[in-house]
Amino acid sequence: MSKYPFRSALVTGASSGIGEAMARMLAADGVHTIVVARRADRLEALAAGVANVEVLAADLLDPADLERVGARLDDPQRPVDLLVNNAGFGSSGAFHSLDVERLTDEIGLNVVALTHLSRVSSAAMVERRRGWILNVSSVVSFQPGPGLAVYAATKAYVTSLSEALHEELRPAGVKVTNLCPGLTRTEFQSVSSGEVFAARYPSFAWLTAERVARDGLADCARGRATSIPGLAYKGIVGGTRFIPRGAMRRLSGLATTKRH
């Protein structure tokens, strides 16, 4: 018996990490899964080893490619039940020293592309009175992120948007879930130049991509507004509600930055 209520899904950022893990889990459950990423070779390798996978290579920072992915979501002949907005990256380091173009691309992928695809898919889902959107945010979305300032800010946007859409679209039968992983072993650390930052945390603090993917998909299927894998991270996020904003800002700074 199928674990998921989805008949079809589209997963962005599916060439590695959480996105790849989700794509494998969905496809293994019999869900027709469209995998989206820039690295076509990785997508083809995934499709060669797993049934029920459709490859759609695209760079979501390219307006034409973003439109192509949107058109696939909006195709009435091939409806997509679940959209997983997983594509994204971060930039670690002192804000004033980071490359401006990289930060612009970070906002473009984490915020603009996610918003565009959410808008297109939600319109089709509302018309069908059925659908799920799973947006991958982060536990840093609940607090400032010195040393990861733009990444944390983009994820704060994702969390706010997802929670708003959860309520807005619920009467139309569309369920929106905000997935907020903590530290997760993926390629994110190397892409964000965050290896030094990551090395400050003990091994027990890290989750696997498979654990995050499993919990996120299960909570999405249940229609939950927020999914936070791991009891420790649930406690951390819950605790932020009782810490004054100024104190949280200082604590975040101590945890993520060095004086410069």
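At what angle do the axes of helix 3 (residues 63–73) and helix 4 cross, and within how many Å do they come? I began my notebook with this point.

**Entry 1: basis.** I worked from a predicted model, in which local features need pLDDT of at least 70 and side-chain atom pairs count only at pLDDT 80 or more, while totals for chains, interfaces and linings use all residues. Residues are numbered from 1 along each chain as its sequence is written, and side-chain values use heavy atoms, with hydrogens and water left out.

**Entry 2: helix 3 and helix 4.** I found that the two axes come within 9 Å and cross at roughly 20°. Helix 3 is therefore roughly parallel to helix 4, a label for angles under 35 degrees. Axes here are lines fitted to C-alpha atoms, for helices over the stretch in contact, and angles run from 0 to 180 degrees between N-to-C directions. Helices are DSSP runs (H or I, at least four residues), numbered from the N terminus. The crossing of helix 3 and helix 4 is right-handed, that is, the near helix is turned clockwise from the far one by less than a right angle. I listed L66, E67, V69, G70 and L73 of helix 3 as meeting A113, H116, L117, V120, S121 and A124 of helix 4; contact means heavy atoms within 4.5 Å. By class, this contact has seven nonpolar, three polar and one charged residues. Ala, Val, Leu, Ile, Met, Phe, Trp, Tyr, Cys and Pro count as nonpolar, Asp, Glu, Lys and Arg as charged, and the others, Gly among them, as polar.

**Entry 3: helix 4 and helix 5.** I next took helix 5 (residues 149–169), whose axis comes within 9 Å of that of helix 4 and crosses it at roughly 10°. Helix 4 and helix 5 are therefore roughly parallel to each other. The residues of helix 4 that meet helix 5 include L103, I107 and L114, and those on the helix 5 side include V150, Y157 and L161. This contact has 11 nonpolar, four polar and one charged residues.

**Entry 4: the cavity.** I found one cavity of 30 Å³ or more. A cavity is a set of points on a 1 Å grid over the protein atoms alone where a 1.4 Å probe fits but cannot get out, and its lining residues have an atom within 4 Å of a point. The volume of the largest cavity is about 40 Å³, taken as the space filled by probe spheres set on the points, which are joined across faces, edges and corners. I noted T12, L60, N85, N86, A87, L109, A113, L114 and L117 as its lining. Helix 4 (residues 100–128) gives the largest share, four residues. The lining has six nonpolar, three polar and no charged residues.

Terms used: On a 1 Å grid over the protein atoms alone, a cavity is a set of points where a 1.4 Å probe fits but cannot get out, and a pocket is an open set with protein on both sides within 12 Å along at least five of seven lines; lining residues have an atom within 4 Å of a point. Helices (H or I, at least four residues) and strands (E, at least two) are DSSP runs, numbered from the N terminus. Angles under 35 degrees count as roughly parallel, over 145 as roughly antiparallel, 65 to 115 as roughly perpendicular and the rest as oblique.
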